[in-house]
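These are my notebook entries from a first look through a structure. Have it open beside you and follow along.

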Amino acid sequence: KATRKRFIWKQGGHAIDVMAKRFGCPTPLRDCELYFDDTDLAGADRLIREHRLDQYMVVEPETARTWFGDLRAWPLVRWQALIQQLGQAFPELSIAQIGLPQSRRLSGVIDLCGKTSFREAALLLKHAVLFIGTEGGLMHAANAVNAGSVIVWGGVTLPEFAGYPDRHRIICRYVPCAPCGNRGWCPYQHRCMDEIETQEVFRAVCD
């Protein structure tokens, strides 16, 4: 349920399991699925050709702030440090940033923010070497297209409730205050994300 200050998550396993139990359904597989039409496919192909995306990674450093403010966001300065390390370690790979038109931009990337539909973005993930992001819609899209992913996870929820730990490489600090469900406020200086260092994410990407 939702209060003015937080969401309170139901117990009972993954969110998919919780919803299935509510309706008396057998627990389904945690497979997301997206259906693409010719327009989606053509749009993604055009972006790949225009930006010469042969071998590439995709990053999405932003997070939807509607419900949780920046609590699911990893500091942008660490994203930038990660991009610099990746560029040095993998010079043969391009790095594409996707997101909304108002997203904060990283340097050293191919800027595709505001240039894709959600479905086109999912198709870019499908063809990428790797997706690096946070908890959110594109994480679910990555699961739907079976994209290898490294997910930097905060403490609003836990991966066992809303993620795909058996499919994605998830970096999460299991701090005592998680899962908080807080709607944009934190009394602990955002420690769940602040304790995740750039080098740890870099090693996960390399793995």
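Predicted model: local features only at pLDDT ≥ 70, side-chain atom pairs only at ≥ 80, totals over all residues.

Residues are numbered from 1 along each chain as its sequence is written, and side-chain values use heavy atoms, with hydrogens and water left out.

**Entry: Glu62**

I started with Glu62, which touches Ser103, Arg104 and Thr134, not counting residues up to four places away in sequence. I found Glu62 in the loop between strand E1 and helix H3 (76-89). My labels follow DSSP runs, numbered from the N terminus: helices (H or I) have at least four residues and strands (E) at least two. Is Glu62 buried or exposed? With a relative accessible area of 10%, Glu62 is buried. For these words I use under 20% relative accessible area for buried, over 50% for exposed, and partly exposed in between, with a 1.4 Å probe and protein chains only. I also looked up Ala73, 11 residues from Glu62 along the chain, and the two C-alpha atoms are separated by 6.5 Å.

**Entry: Ala2**

Next I went to Ala2, in the segment before helix H1 (15-22). Its relative accessibility is 47%, so Ala2 counts as partly exposed. Leaving out residues up to four places away in sequence, I see Ala2 touching Phe7 and Arg183. From Ala2 to Ile110 there are 108 residues along the chain, and their C-alpha atoms are separated by 38 Å.

**Entry: helix H4 and its partners**

Then I turned to H4 (residues 118-127). Which residues of H4 are buried? I listed Glu120, Ala121, Ala122, Leu123, Leu124 and Leu125. The buried residues of H4 pack against H2, strand E1 (56-59), strand E4 (130-134) and H5.

Two packed helices are described by the angle between their axes and the distance between the axes. My axes are lines fitted to C-alpha atoms, for helices over the stretch in contact, and angles run from 0 to 180 degrees between N-to-C directions. Angles under 35 degrees count as roughly parallel, over 145 as roughly antiparallel, 65 to 115 as roughly perpendicular and the rest as oblique.

I took H5 (residues 137-144) as a partner: the axes of H4 and H5 come within 9 Å and cross at roughly 55°. H4 and H5 are therefore oblique to each other. On the H4 side I found Phe118, Ala121, Ala122 and Leu125, which meet Gly137, Leu138, Ala141 and Ala142 in H5. By class, this contact has seven nonpolar, one polar and no charged residues. For the classes, Ala, Val, Leu, Ile, Met, Phe, Trp, Tyr, Cys and Pro count as nonpolar, Asp, Glu, Lys and Arg as charged, and the others, Gly among them, as polar.

For H2 (residues 38-50) and H4, the axes come within 9 Å and cross at roughly 60°. H2 and H4 are therefore oblique to each other. I noted that H2 brings Thr39, Asp40, Leu41, Gly43, Ala44, Leu47 and Ile48 to the contact, and H4 brings Arg119, Glu120, Leu123, Leu124 and His127. The contact of H2 with H4 has six nonpolar, three polar and three charged residues.

**Entry: the nonpolar cores**

I count a nonpolar core as a set of buried Ala, Val, Leu, Ile, Met, Phe, Trp, Tyr and Cys residues joined through side-chain atoms within 4.5 Å. How many residues does the largest nonpolar core have? It has 54, and those with the most contacts inside it are Leu125, Ile132 and Val201. A second, separate core of five residues includes Phe7, Phe68, Val156 and Cys180.

I checked Arg52, in the loop between H2 and E1. Its phi is near 55°, a positive value in a residue other than glycine. Arg52 counts as exposed, at 72% relative accessibility.

Last, I looked at the loop between strand E6 (169-172) and helix H7 (191-194), where Pro179 has its place. The peptide bond from Ala178 to Pro179 is cis, with omega near 0°.

Note on methods. Contact = heavy atoms within 4.5 Å.
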